[in-house]
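The following paragraphs lead the reader through selected local features of one protein model. Please keep the sequence and the coordinates in view while reading.

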Amino acid sequence: MKGSRGGIWVVVFTVAVVGMGLAGCSKKKLRTAKGPVPEVTDVAPASGPAGGGTGVTITGTHFQSDSQVEFGGRDAANVLYVSSTQLDVFSPPGAVGIVDVRVLNPSYGTTGSLPGSYTYTTGPGGGPAPTVTQVTPDRGPPTGGTPVTVDGSNFISGALLFVGGRPATSVIFVSPDQIAGTTPSGAPGPATVTVINPDLQTGVLPAGFTYTFTSGGIQITAITPSSGSTDGNTFISITGQGFAPGATATIGGVTVINLGFVSDSELTGLTPPSPGGATGPVDVIVTNPGGPSDTLVDGYDYVFAPIPTVANINPNVGDVDGGTPVTITGTNFLAGTVVSLDGVPIDNQMIVDVNTVTGETPPHAQPSVVDVDATNSFGTGTLPNGFTYVPLSGGAPYITAINPTSGPIGQRVVIDGVNFAPTEAGNVVRLDGEPSPVQTASETQLVVYVPPKGRTGDFRVEVDRLVSNGVLFTVTSPKITAILPDSGQVGDPITLIGENFSPVRSENVLRFNNYIAQVVLATTTQIDTWVPWDASAGAVWVEVNGVPSNAVFFCVQTPSVPWPRMMSMTPDSGPVGTTVTLTGEYFSPTIEDNAVWFNGLRAPVLTVNAADILNVIITAQVPAGATTGLAYVEVGGLYTVVFQETFTVTTPPPPPPVITRLSPVAGEQDSGLLIEGMNFNPEVYNNFVTINNAWAEVVTASPTQLLVRVPFTSSGLVIVDVAGQASIGQPFTVFPPAGGPQTIEIFGRQIPAPDDRVVYVIDTSSSMNIVFGDFVDRLGNTMTAGTEWDLLKDRMIQSISELPPSFSFTVIAFRGMNDPVTGDCVPVIIPFQGATVPASQANKDAAITWLDSLVPAGQTAMANAVETGLQSDPLNKTIILCTDGLWNCPPVSGAEHLCTMFNANTSGAAIHSFGIQVKGSEARVLSDISKLTGGTFTQIDP
């Protein structure tokens, strides 16, 4: 934190303190003895809201671990001793004005202060601190995911919720007395619940939530091995659930030796000697610190004969030529014990102790997986398939392991082994003979996917015509768990719920009592279909790439009237206006009774020719506006089961627009411009016009004329874009309006700010590290191969520096980060200030310092940031949005971004978008955002 200023410092500091549990520091009485006198040299930041809660770094000398801090005579909470020259605190509430900051060393009774070093300001944070009184429910599993309601007082919209120092997910502001969220994962035991308001005031409820298994404690499921010598010292693994660090275990009432915590589902250790040397079964008990405990009755059997056991061999892979140094661990390695691989004793064997043997592997005739045996005078212990012989010195590739060993079509599989080719193309991998493309490769590891036609069988690797051994992989079958509903008539919509379906529709073959049904929608867990024409009551199953599922019963009900059936459709593609012939059964001989649909758009029926009810021919014309999709006939409310799956609408590209004349050829910003030419779209919103890359609002449109409003930009080319085809640019000179509104400049564009207020919303996701190219910065220096962030930061600093002092402003940075528990992308909003602040030199300097501290990271979550910017100042009418448009954090679709921001814009602010190297649909969404809100869109390219 040292030397930091601005909003980003506050966020980092807050998280750090929460991670410590927000524990306060208790005060000590001042001693009368004298010692080093503390000296305060700097307070940063030097101002904050009167409500307190601002993270402040105090630098100086002679600070102590128990130092206390006062702001204007008021004690600061949560003093964090960083070093003898730095203390970190939260400012206490105070009255608006300038105060002294004083540091007290209770141990020596000495004080030091920096007069007038901190200023309490008006603005956010003046309200009371939140309190946390109750969490419901107050307990849940350590894996997290428990929805909780937090009761208290003084909560503010945008408050953060932490449980055990980790951020909760899906936090919702319900009221000033209640928020809700979902717990993160945590260690078993009590956890502090903390609420932090946007003004950084904090409420804490110690031990407000307890991580515990809701089933009531822990459970032992197995102990491996389950028997051993009465002498003890057998290495064991206790498995189950709910184990906690510090757990203890007993066998027959005697404590397990060297018990180690591996995870919440496994403990390891050495068995103690049996009580009194007795043989027979005894109980195994595991107890967590403070309880609870669980007992595995007769879980371990003491036997007299100290037969050796083999637990591990390290390494477990070696050359067929032998000579690999190995260490074997187990139990009862008595004098005279012999360790063997596939029946051959290891070379240079040495018994280190009763649990350890070392040596070198003997040679083996061929690559293979072999058992590891240890034999003493009482018997033999075996580690099955414990060691793998491979041709390390060259030869054919060899597979030592695959992970996982089973899965559905498309499953990612890691193949470990030796003698693989270091490039993807050098390896040919097959599963039961079916090629499986290699995604990544090294000499010891390959990553592949189960191919679309993969079947249960061996994975094999071929390199330079040498083929490896085979390792079995089981392709899991599709499974139907429910069919909804389980009865219906021909043509009724049906949904199958299950697992291991293919998300590619064509890879699922769905059968109703052996009649094939059309798959309308498919995911790995759901298939939507219609009951096929010829279906009868019986079994329903699905084949995924030839692998059949289980069968479920479906009852086909008899319809009250015959269901229409389409037999053929000719042609199955063509442009709008194409005449299509549809032949089928039970169509109506009356034109008006038949409706033909093309992807949800009704088409005019031209003719009906009915030789008989089982042979009816309909002709229809593909209607204007039709798009590629399903085509079917509807008769009296009954629609055909589709025979031809889709009709493809072909659309020739329209001719590009042409500009023949501009009238006038020069004009003021916000004035009218008439563009004459040809091939314009008569719909206003289907014409995309820019002047010097800034979006210009189209007021009226016809095929030959466009009337546009000159945007707040500088002189440049006028370009008309229709359906992705752009005209040749024509030059236009732009003058600023005489006596016009106050403007802000950024990226060389003049943006109107009629109310002397502006909110900048900027992208700080990792994609901003993409190289933009060479550009000249605000100081006239050429930046070589600068990133998008380099460019944006430079233009932001220039724009903020030039703000008149009469303005108010703030900056909202945004990105998205993956939740550590769910993996979902969660929007992260990083404000410079919670609301707009005056454009004083101090505030502008603080904003620039804050900008310099930002480092792009994470994903893009644009909509939430704009929503926050809109809410930051209800009087603001100007939003400047800067992004590269690569949004990949929900909402992901451009339409959802558009709707979220448009619906949040209740104040009618103009959103001026700057798209840095945006393309295609992303540019269109940004331009639509600006268009709908009365703003401008500017595309920034090298």
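F598 and F647 are both buried, a term used here for a relative accessible area under 20%, with exposed meaning over 50% and partly exposed in between (1.4 Å probe, protein chains only). The model is predicted, so local features need pLDDT of at least 70 and side-chain atom pairs count only at pLDDT 80 or more, while totals for chains, interfaces and linings use all residues. Residues are numbered from 1 along each chain as its sequence is written, and side-chain values use heavy atoms, with hydrogens and water left out.

Rings of Phe, Tyr and Trp (its six-membered ring) pair if their centres lie within 6.5 Å; planes under 30 degrees apart count as stacked, over 60 as edge-to-face and the rest as tilted. By this rule there are 12 aromatic pairs. In one of them, the ring centres of F387 and Y389 lie 5.1 Å apart and the planes meet at 75°, so this pair is edge-to-face. F387 and Y389 are both buried. The pair of F598 and F647 is also edge-to-face, with 5.2 Å from centre to centre and 80° between the planes. This pair links distant parts of the chain, 49 residues apart: F598 belongs to strand β60 (residues 594–598), whereas F647 lies in the loop between β65 (638–639) and β66 (648–649). Ring pairs also link F71, Y118 and Y120 into a cluster.

Helices (H or I, at least four residues) and strands (E, at least two) are DSSP runs, numbered from the N terminus. Two strands pair if DSSP finds at least two bridges between them. Strands β15 (residues 169–175) and β16 (residues 178–182) run antiparallel and are joined by four bridges. A hairpin of two residues connects β15 to β16, and S175 stands opposite Q178 in β16.

After α6 comes G934, whose phi is positive, near 80°.

Strand β86 (residues 937–940) contains T938. T938 is buried, with a relative accessible area of 0%. Not counting residues up to four places away in sequence, T938 touches N693, A694, R749, S913, F914 and G915, where contact means heavy atoms within 4.5 Å.
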